Amino acid sequence: MTEDERFMRAALREAEKAATQDEVPVGAVVVKEGKIIARAHNQKEKHNCAIDHAEILAIRKATKKLSNWWLEGCTLYVTLEPCVMCAGAIVNSRLDRVVYGAKDPRFGFLGSLADLPKEYPLNHSFPCDTGVLEEDCSRILTEFFRKKRLEKQNIKKI
């Protein structure tokens, strides 16, 4: 198992926590010097807050841990390609690198719908590696939304 796969598995464990809490199963971890310094999963439903994505929460925890908003030397691992909001937060927090599992053709802003660091002349850019444990990352999302559709159909039948 590669280091990227090991840390993506930790992000997947966070995604599993989200699923058990009826949140869209996305998980993220921030790594510095080979150690996880922050873990998070989506909590939009729990906090009734549109910005409580796994990436935002993990970045917030990492900045608190380091007592610095500048996350130089850190890598973000996330199970789903970040949206435009999260991509902006990645730029603003100066993460060194991003690794994600599943692509998001509807909302992904690191290669799918657009590619923020490549298409826009911003003050910070970073390498992005994709497809790490992509099948596992996609599967948890597919199963979650399949279950949601079945629940919705069952409610309609009542």
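Phe7 first. In this predicted model, Phe7 counts as buried, at 2% relative accessibility. The cut-offs: buried means under 20% relative accessible area, exposed means over 50%, and partly exposed is in between, with a 1.4 Å probe and protein chains only.

Quick word on the ground rules. Residues are numbered from 1 along each chain as its sequence is written, local features need pLDDT of at least 70, and side-chain atom pairs count only at pLDDT 80 or more. Totals for chains, interfaces and linings use all residues, and side-chain values use heavy atoms, with hydrogens and water left out.

Now the rings. How many aromatic pairs are there? The count comes to 3. The rule takes rings of Phe, Tyr and Trp (its six-membered ring) with centres within 6.5 Å; planes under 30 degrees apart are stacked, over 60 edge-to-face, and the rest tilted.

One of them is Phe7 with Tyr77. That pair is tilted, 5.3 Å centre to centre, with 45° between the planes. It links distant parts of the chain: Phe7 sits in helix α1 (residues 3–20), Tyr77 in strand β3 (residues 74–80), 70 residues apart. Helices (H or I, at least four residues) and strands (E, at least two) are DSSP runs, numbered from the N terminus. Tyr77 is buried as well, with a relative accessible area of 2%.

Trp69 and Trp70 make another tilted pair, 5.3 Å between centres and 50° between planes. Trp70 is partly exposed, at 38% relative accessibility.

Next, charges over rings. The test is NZ of Lys or CZ of Arg within 6 Å of the ring centre and within 35 degrees of the ring normal. The charged end of Arg6 sits over the Phe7 ring, 4.4 Å from its centre. Arg94 puts its charged end over the ring of Trp70, at 4.9 Å from the centre.

On to cysteines. How many disulfides does a search of the whole structure find? The search finds 0, where a disulfide is a pair of cysteine sulfur atoms within 2.5 Å. For Cys86, the nearest cysteine sulfur belongs to Cys83, 3.8 Å away. Cys86 is buried, at 0% relative accessibility. For Cys137, the nearest cysteine sulfur is that of Cys128, 13 Å away. Cys137 is buried too, at 1%.

Last stop, Lys65. Lys65 lies in helix α3 (residues 54–66). Is Lys65 buried or exposed? Exposed, because its relative accessibility is 59%. Lys65 and Ile37 are 28 residues apart in sequence, and 7.1 Å apart in space, C-alpha to C-alpha.
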